[in-house]
Amino acid sequence: MSTNQPPSADPAPPHRGKIAERLLPGGTEPDPRFTLANERTFLAWIRTSLALLAGGIAIEAFTADLFLEPVRKILAVLLLLLGMLLSGGAAVRWIRVERSMRNKTPLPLPLIVPLLAGAGALAAAVVLIFILWR
Amino acid sequence: MPGPHGDPGLQPERTTLAWGRTMMALVTVSAIFLRWLPHHGLPILLLFAVSAAAAGAIYVTQRRRYRASARGIRQEAVDADTSAVLWTAGAAVALGVLGIVVVLAS
């Protein structure tokens, strides 16, 4: 966006950490605003996954007189698993977006979006089946 | 350039606030874990410790984070905070693993 220097010139990036050098090699430093936006998106996913994790434990602890034992455990594990996959997926996505910004390639499609949507629908279906069969 | 960075979009502020919100979410989650102590027993303390430690780690790095991102805006290149992303995601994944163990064991 704001690369006024000739492409051959070394943009003299700020001191990069060892992990950053290893995980985000090559390319040029992207617009810092994009890097910060990528970080905020990652954090929004983390907060979503924290809500799912808290919900998973809550279902297990507080719905003993509402759901049968297996339904309760299935729902709790489903929510915890989803929260875990989303937080791991958020870190992977952050790295992939950062890499494509460094190399000026199109941004990757977010795999965690269909994951969240699909698992949300699955959890709703489990509850629906339980309510209909009760 | 007024202020510490002169970015009209206030990106360093918004990013630091996003970390602050995540910290508050971790504090809330750790408080909820404590609430489940009578139901699930001592293993819950491990979940509390992980989320509280992650919240504390964010708290003590907020100033440094804001300064680094403001400097990044000034220099038109910010050092991507890879380690913070990795340990935050790692803490959330650990909470998921521990949570599944607690649920299946109870």
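These are legends for several close-up views of a predicted model.

A few ground rules first. In this predicted model, local features need pLDDT of at least 70 and side-chain atom pairs count only at pLDDT 80 or more, while totals for chains, interfaces and linings use all residues. Side-chain values use heavy atoms, with hydrogens and water left out; residues are numbered from 1 along each chain as its sequence is written, and chains are lettered from A and ligands numbered from 1 in the order in which they are written.

**View 1. Chain A as a whole: a run of helices.** Chain A has four helices and zero strands, and its pattern along the sequence reads α-α-α-α. Helices (H or I, at least four residues) and strands (E, at least two) are DSSP runs, numbered from the N terminus. Of its 134 residues, 46% count as buried. Here, buried means under 20% relative accessible area, exposed means over 50%, and partly exposed is in between (1.4 Å probe, protein chains only). Take the contacts in chain A between residues at least 6 apart in sequence: 69% of them join residues at least 24 apart. A contact means heavy atoms within 4.5 Å. Accessible areas come from the Shrake-Rupley method with a 1.4 Å probe, and for residues only the protein chains shown count as cover.

**View 2. A nonpolar patch on chain A.** A:L128, A:I129, A:L132 and A:W133 make a nonpolar surface patch of about 540 Å². Look for A:L132 in helix 4 (residues 112-133) of chain A; A:L132 counts as exposed because its relative accessible area is 64%. Patch residues have over 30% relative accessible area and no salt bridge; like charges are joined within 9 Å, and nonpolar side chains (Val, Leu, Ile, Met, Phe, Trp, Tyr) within 5 Å. A salt bridge is a side-chain nitrogen of Lys or Arg within 4 Å of a carboxyl oxygen of Asp or Glu.

**View 3. Arginines gathered on chain B.** B:R63, B:R67, B:R71 and B:R74 form a patch of positive charge on the surface. Lys and Arg count as positive and Asp and Glu as negative, with His and the chain ends not counted; the charge is placed at NZ of Lys, CZ of Arg, CG of Asp or CD of Glu. B:R63 sits in helix 3 (residues 43-75) of chain B, and it counts as exposed because its relative accessibility is 66%.

**View 4. B:T82 up against chain A.** B:T82 belongs to helix 4 (residues 82-105) of chain B. Leaving out residues up to four places away in sequence, B:T82 touches A:I19, A:A20, A:L23, A:L24 and A:W94. At 3% relative accessibility, B:T82 is buried.

**View 5. B:S30 and its partners in chain B.** B:S30 lies in helix 1 of chain B and is buried, with a relative accessible area of 5%. Neighbours within four places in sequence aside, B:S30 contacts B:F48, B:S51 and B:A52. B:S30 and B:L47 are 17 residues apart in sequence, yet 7.3 Å apart in space, C-alpha to C-alpha.

**View 6. Two residues with positive phi.** Most residues other than glycine have a negative phi. A:K104, not a glycine, has a positive phi of about 55 degrees. A:K104 lies in the loop between helix 3 (69-102) and helix 4 of chain A, and is exposed at 56% relative accessible area. B:L10, not a glycine either, has a positive phi of about 50 degrees. B:L10 lies in the segment before helix 1 (11-35) of chain B and is partly exposed, at 42%.
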